[in-house]
Amino acid sequence: MFVLGIETSCDDTGIAIYQTKRGLLSHALYSQTKMHSEYGGVVPELASRDHIRRVLPLVKQTLAAAKLDLKDLNAIAYTQGPGLAGSLLVGSSFAVALSFALKIPALGVHHLEGHLLSPLLSATAPAFPFVALLVSGGHTQLLKVNGVGQYKLLGETVDDAVGEAFDKTAKLLGLGYPGGPALSKLADEFSKSGKASHFKLPRPMLHSGDFNFSFSGLKTAVLSLSNKHEITRQTQAEIAFAFQEAVVDILTKKSLAALIQTGFTQLVVAGGVSANRQLRESLSQCAKKMGATVFYPNLEFCMDNGAMIALAGAMRLQKSISRNQPLVNNFTVRPRWDMETQETPPNK
Ligand code: KG4
Ligand code: ZN
């Protein structure tokens with residue numbers, strides 16, 4: 001079965017083709033980062049218009065790379081939510097229209113489920129069950145994962161998502177947009193110097209006794225540090241290091257606690273922040289000490305991409321087929337969507 005994956009939830013147009021027998025055949029990505037950086041953040045209206053421009057050429061490119069024709073496709077998986085309504089509408093209307101024309105099913109995939117399953121695209125993939133740490137620009141969650149569609153939320157952030165905290169802190173330090181990777185690079189450079197940072201930041205909710213997180217206070221702590229000290233390249237690097245150290249410490253300790261509580265021995269880390277080198281090093285080292293293994297997506301699949309949506313769609317499709325469940329092509333987007341209950345919360 002050939003599944004076309006379409007991701008347009010935010011500012012990346014990601015397209016991929018996944019074959020259930022052979023795995024990922026081809027994928028392409030267009031990032032709008034440069035366009036939005038001028039405004040210091042994603043402009044939703046510009047994002048959706050740009051998806052319209054990119055989606056068809058990228059589908060053609062992906063089909064050509066896989067040496068396939070449209071009529072070879074067996075299903076289309078698209079991100080149905082959560083995300084920006086206008087951006088989601090581009091991918092979903094394209095996917096549903098194409099599925100009607102080709103008379104094949106279109107499956108709406110949960111964006112976080114895509115991230116969650118993305119390490120299964122790697123050569124060394126985890127097997128169910130596992131604990132998942134989802135760390136992206138919009139979400140920070142710890143989940144107990146028993147199988148496809150069997151997700152139990154253990155805890156999540158009560159305020160900022162960890163990627164959002166990286167980006168806001170980077171902005172405070174004058175590192176531009178999106179600042180997460182830049183902040184992390186600066187922190188890594190400082191760490192290599194072997195010097196100790198003059199700054200130490202708090203670890204909010206580290207001892208809360210649950211699996212929830214809070215990151216907005218860290219950003220405020222950085223703000224008060226940057227108001228007190230002259231921001232030179234040196235202080236910038238030291239604060240970046242202290243911030244990353246605090247975040248990594250919290251994420252590591254809570255993830256290990258989740259492994260202990262569930263009794264699972266596999267941890268999956270996914271979402272944009274799973275590209276963070278320091279986080280990977282800390283989690284892998286600490287998990288090894290307790291006999292657990294950590295799995296990550298390949299670096300190219302940490303951020304939003306079409307491959308994870310094609311994979312999640314293919315896995316959902318196989319599950320429905322094995323259970324004789326009918327596939328319905330419904331045309332809706334869900335800007336807000338709970339993965340565990342599959343419910344759409346009412347708009348606030
Ligand atoms: O998963 P993703 O592409 O988008 C969402 O679904 O939100 O994640 C993007 C987030 C951004 O906040 C970005 O700054 C962060 O991931 N990010 C990083 C790194 N690379 C990307 N944060 C810390 N260290 C990195 N190396
Ligand atoms: Zn994402």
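Me: How do the residues of the shell around ligand 1 divide into nonpolar, polar and charged?
Reply: This is a predicted model, where local features need pLDDT of at least 70, side-chain atom pairs count only at pLDDT 80 or more, and totals for chains, interfaces and linings use all residues. Residues are numbered from 1 along each chain as written, chains are lettered from A and ligands numbered from 1 in written order, and side-chain values use heavy atoms, without hydrogens and water. Ala, Val, Leu, Ile, Met, Phe, Trp, Tyr, Cys and Pro count as nonpolar, Asp, Glu, Lys and Arg as charged, and the others, Gly among them, as polar. The shell around ligand 1 divides into five nonpolar, two charged and 11 polar residues.

Me: How many residues surround ligand 1?
Reply: A residue is near a molecule if one of its heavy atoms lies within 4 Å of it. The closest to ligand 1 are His115, Gly137, Asp167, Gly272 and Asn276. The number of residues surrounding ligand 1 is 18.

Me: How far is an oxygen atom of ligand 1 from a polar backbone atom of glycine 180?
Reply: A polar contact is a pair of N or O atoms within 3.5 Å; within protein, one must be able to donate a hydrogen and the other to accept it, and residues adjacent in sequence count only if both atoms are side-chain atoms. The side chain of histidine 111 has an N or O atom 3.1 Å from an oxygen atom of ligand 1. For a backbone N or O atom of glycine 138, the distance to an oxygen atom of ligand 1 is 3.2 Å. For glycine 180, a polar backbone atom and a ligand 1 oxygen atom are separated by 3.5 Å.

Me: What share of the accessible area of ligand 1 does the protein cover?
Reply: Accessible areas come from the Shrake-Rupley method with a 1.4 Å probe; for residues, only the protein chains shown count as cover. On its own, ligand 1 has 560 Å² of accessible area. The protein covers 88%.

Me: Which elements give two or more residues to the shell around ligand 1?
Reply: Helices (H or I, at least four residues) and strands (E, at least two) are DSSP runs, numbered from the N terminus. The elements that give two or more residues to this shell are helix H4 (111-117), helix H5 (162-172) and helix H6 (180-192).

Me: Is cysteine 302 buried or exposed?
Reply: Cysteine 302 sits in the loop between strand E10 (293-295) and helix H10 (306-322). Not counting residues up to four places away in sequence, cysteine 302 touches several residues, including His115, Gly272 and Ser274. Buried means under 20% relative accessible area, exposed over 50%, partly exposed in between (1.4 Å probe, protein chains only). Cysteine 302 has a relative accessible area of 0%, so this residue is buried.

Me: What is the relative accessible area of alanine 182?
Reply: Alanine 182 lies in helix H6. This residue is partly exposed, and its relative accessible area is 31%.

Conventions. Contact = heavy atoms within 4.5 Å.
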